[in-house]
Structures are given as structure tokens and as C-alpha cells.
Amino acid sequence: MGFEIAKTNSILSKLATNEEHGENSPYFDGWKAYDSDPFHPLKNPNGVIQMGLAENQLCLDLIEDWIKRNPKGSICSNEGIKSFKAIANFQDYHGLPEFRRAIAKFMEKTRGGRVRFDPERVVMAGGATGANETIIFCLADPGDAFLVPSPYYPAFNRDLRWRTGVQLIPIHCESSNNFKITSKAVKEAYENAQKSNIKVRGLILTNPSNPLGTTLDKDTLKSLLSFTNQHNIHLVCDEIYAATVFDTPQFVSIAEILDEKEMTYCNKDLVHIVYSLSKDMGLPGFRVGIIYSFNDDVVNCARKMSSFGLVSTQTQYFLAAMLSDEKFVDNFLRESAMRLAKRHKHFTNGLEEVGIKCLKNNAGLFCWMDLRPLLRESTFDSEMSLWRVIINDVKLNVSPGSSFECQEPGWFRVCFANMDDETVDIALARIRRFVGVEKSGDKSSAMEKKQQWKKNNLRLSFSKRMYDESVLSPLSSPIPPSPLVR
């Protein structure tokens with residue numbers, strides 16, 4: 001066996017044989033657990049519920065309705081077939097002009113019409129994954145580094161590092177100030193990299209944040225822009241959750257900051273935006289990623305590189321038609337925010353009923369859930385023990401904070417917008433039974449029992465008794481009681 005591995009490694013590239021993709025992490029392990037035993041209300045009611053997927057399925061019905069009313073929007077319909085030949089033929093990597101115009105206009109609307117985007121600066125990529133990697137290829141060489149506030153999206157290790165060879169240096173944020181980015185932490189991370197002779201090429205921000213679901217305010221953005229300009233490094237803003245803001249404060253794009261009078265001194269060539277339609281429109285399968293750079297050379301280089309990950313012309317044609325329908329877009333964005341707010345309130349209220357708190361957030365498709373009270377001790381080993389119980393026995397795929405480079409054990413990201421109302425209630429019922437609190441039960445008593453469990457230092461375990469949620473209401477679902485209250 002060892003000879004076979006050595007032989008395989010000798011004929012493959014270093015890229016093909018390394019482990020830098022990041023697939024072997026709890027974040028992806030949770031997905032594998034779901035894939036091997038997916039929940040279905042009828043076919044597999046005891047399966048794993050997918051709460052690790054940041055997907056927005058709450059407004060797909062609006063898109064379906066638009067398709068029915070606008071059959072010409074597709075070249076695969078009787079009404080749109082006349083455009084088939086022109087769209088199916090070769091198109092260059094600039095993209096359809098009407099597509100770039102529609103994307104620019106949509107980006108403006110998702111930012112409240114407070115900023116304008118130039119269609120000539122819109123560059124296509126294969127989803128946000130392709131857009132993120134392409135911008136890194138344009139800005140850095142192997143061995144260079146980017147600062148990234150943590151906790152951050154686990155797949156950044158794949159998107160930003162794996163093929164580019166760059167490093168990611170976490171800027172550690174703390175729960176004591178709600179994980180806000182501080183100038184002190186940014187400066188410290190930068191100076192430590194300098195002392196280690198690491199060339200820092202830029203700072204990467206996810207705004208709104210994944211996994212926190214929070215937005216950056218104007219003052220913070222101005223401070224970070226000033227810092228990057230002062231040190232002549234790039235600022236890359238991943239804004240793929242721009243239209244998922246469902247509560248105050250409103251989202252502020254880095255493009256708006258550049259328009260501020262007091263920021264006119266800034267070098268725009270160092271500022272770049274990554275966008276996509278995966279989260280805001282709920283269309284990850286369309287693989288629509290966008291690079292918007294204020295640097296002409298980056299636009300030109302990224303456009304050439306986009307040949308390796310173009311958006312199909314059929315997809316461009318369809319989206320150009322749909323996103324050019326201003327009445328539809330306005331209604332979609334308004335309805336999406338309302339539905340996200342409603343789902344978020346329902347889910348977080350359900351957690352609060354059993355004493356589980358989340359970081360206060362106003363955006364995103366997820367919550368940053370605080371399960372520190374359930375840890376045996378404040379260690380990452382204890383976090384992983386709790387996570388295994390939640391995955392294997394409670395049958396919920398939630399993502400542990402350690403996979404997001406969080407420095408404090410006990411935080412978990414849980415997604416709430418990728419399922420229907422009934423599945424959300426089943427997930428809440430499982431959580432309720434896990435912590436031993438009925439909806440009308442005594443929360444204080446349950447908390448006392450949890451504290452007693454921690455003192456006894458009992459091993460996390462779960463009864464393997466099966467339960468059928470398809471024939472029982474969420475409140476009476478006989479999920480095995482939590483070991484925390486034994």
C-alpha cells in the first residue's frame with residue numbers, strides 16, 4: 001500500500017498530492033455526514049438536517065413566477081428559440097454587454113442606489129470561488145500573504161490559497177466586543193507578519209460577514225481603507241451577501257466609502273470588490289461570480305483569466321433579461337429582506353426559548369450560535385466532542401467555530417435559509433430535546449441541570465433510539481433526551 005502511494009505521488013504534481021485544499025476539516029466533514037444520510041420528511045425522517053449550507057431558498061418561487069411570465073428570457077423555450085443560434089455561438093470573454101449592464105445595475109440596487117457601477121469594470125468568473133481566486137492571482141505571488149479577520153469562511157483556504165500559493169494571516173477578533181475588527185488587531189497582525197519577513201499584499205474583508213452575519217460601519221471601513229492605503233497594500237471586499245441585510249444598520253459598500261469627499265486622497269487602484277448571485281439571488285448553481293476592480297490593469301488581467309471560468313452565454317442571456325426587469329428586482333429585494341427577517345426571528349426565538357443565544361446580527365443566511373455553556377470545558381477538544389454529538393446523534397449539520405479560525409471554543413455557525421418552514425421546526429424540536437427543555441418547560445431548571453452535567457464531567461453520548469418526525473408534531477417528537485440533563 002505504501003509503495004502504491006509513493007508511486008502515485010511520484011507521477012503527480014505537488015498540487016495534486018498536497019492537503020492544502022482544506023477538505024479534511026470539520027466544516028466539510030459535516031457535509032459528508034449529511035450526504036451519507038440526508039434528511040427527508042418522508043423517505044428519511046431520521047436523517048441529518050443540512051444546517052451547514054449557506055443557501056437562500058426563501059425566494060426561488062419569485063424567480064419561478066418570473067420565468068413563467070417571461071418565456072422569452074430563455075433560449076430553450078418556444079418563445080425564445082429565435083435567439084438560440086446567436087447565443088449558442090462563440091462569445092468572447094468580455095461577456096454579453098446586456099449582461100454586464102444588468103449586473104452593474106443590480107449591484108447598484110443591492111446597495112440602495114447610493115453608488116454607481118461601471119459595466120466596463122464587470123468581469124465574470126465561475127462563482128465567488130472563481131472570482132476570489134482570480135483576484136488573488138492578479139494581486140499576489142506564491143508565498144505572499146493576505147490579512148483576514150477571523151472567524152472567516154473555511155473554504156477561503158481552498159478559494160484563496162490552494163492553487164495560488166498565498167498565505168492567509170488571521171486577524172483575531174474576540175467575543176468581548178462582538179467580534180468587531182479593531183485597528184489594534186489589524187496593526188498587530190500586519191507587524192507580526194513583517195517581523196516574520198512575510199510580504200503582506202492586502203487585506204480581505206467579507207462584508208456582510210460570513211459566519212457572523214454582521215455588517216461593517218462606515219467608520220470601520222474608512223479606517224481599514226486608510227490603513228491599506230497607508231501601507232500600499234490591496235483591500236479586497238467580498239460583498240456577496242450585500243442583499244441579505246434584513247435589519248438595521250443598512251449595508252455599506254466599500255464603493256460608497258470611495259465616494260466620500262474625505263476619502264478622495266485614497267488610491268482606488270488598491271480597491272477591489274468580489275460579488276456573485278449565489279447568496280443574494282439564491283442561484284449558486286448558475287456559477288455567476290463577479291470581479292469589480294477600480295484598477296484598469298486588474299480588470300484587463302482578470303478578464304483574460306476569466307477564460308478559464310466563464311459564465312455560460314445561456315445563463316448570461318437569461319439573467320440579463322431578468323435583472324433588467326426593474327419592477328421584478330425591486331419586489332424581489334424587498335420580499336427577500338422580509339422573508340429573511342421573518343425566518344431569522346422565528347429561528348433565533350426558538351433557540352432563545354431553550355437558553356441558546358446567538359451573536360446579534362442583521363444580515364446573512366446564518367447565525368453565530370453560542371454553545372459555550374454546553375462545553376464540558378473551554379477547549380477545542382470539548383467543542384469537537386459536542387459537535388460530534390450534534391452531527392451523529394442530534395442529526396444536525398452545524399459547523400464548529402474552530403473550522404472558521406475562531407479562537408474561542410464553543411461557537412457554531414448554523415444556517416436557516418436553505419430549508420422550508422417544516423424542516424426548521426423539526427430542527428428546533430431536535431435542539432429542544434437535546435438540551436432537555438420542552439417549549440413550556442422550566443428553562444432555569446434545565447440550565448441548572450446542564451451546569452450539574454458540566455461539574456460531573458460526564459461523557460457526551462446519546463441514546464441510539466430512533467424517532468420518527470414524519471408522524472409526530474415537532475413539540476412531541478420523542479428525540480432521546482440530552483445527556484446534559486441525565
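## A guided tour from Leu396

Select Leu396 to begin: beyond its neighbours within four places in sequence, Leu396 is in contact (heavy atoms within 4.5 Å) with Val48, Ile49, Met51, Ile390, Ile391, Ala427, Arg430 and Ile431. The model is a predicted one, in which local features need pLDDT of at least 70, side-chain atom pairs count only at pLDDT 80 or more, and totals for chains, interfaces and linings use all residues. Residues are numbered from 1 along each chain as its sequence is written, and side-chain values use heavy atoms, with hydrogens and water left out.

Leu396 lies in strand E11 (residues 396–397); helices (H or I, at least four residues) and strands (E, at least two) are DSSP runs, numbered from the N terminus. Leu396 is buried, at 2% relative accessibility; buried means under 20% relative accessible area, exposed over 50%, and partly exposed in between (1.4 Å probe, protein chains only).

Step back to Lys395, in the loop between helix H15 (380–392) and E11. Lys395 is not a glycine, yet has a positive phi of about 65 degrees. Lys395 is also buried, at 15% relative accessibility.

For a second residue of this kind, select Phe179, which has a positive phi of about 60 degrees and is not a glycine either. Phe179 sits in the loop between strand E4 (167–172) and helix H9 (183–195).

Next, display two peptide bonds. The bond from Asn207 to Pro208 is cis, with omega near 0 degrees, and Pro208 belongs to the loop between strand E5 (200–206) and helix H10 (218–230). The bond from Thr248 to Pro249 is likewise cis, with omega near 0 degrees; Pro249 is in the loop between strand E6 (234–238) and helix H11 (254–258).

Finally, turn to the cysteines. How many disulfides does a search of the whole structure find? The search finds zero, a disulfide being a pair of cysteine sulfur atoms within 2.5 Å. Select Cys358 and Cys367: the closest cysteine sulfur to that of Cys358 is in Cys367, 4.5 Å away, and therefore too far for a bond. Cys358 is partly exposed, with a relative accessible area of 26%, whereas Cys237 is buried, at 1%.
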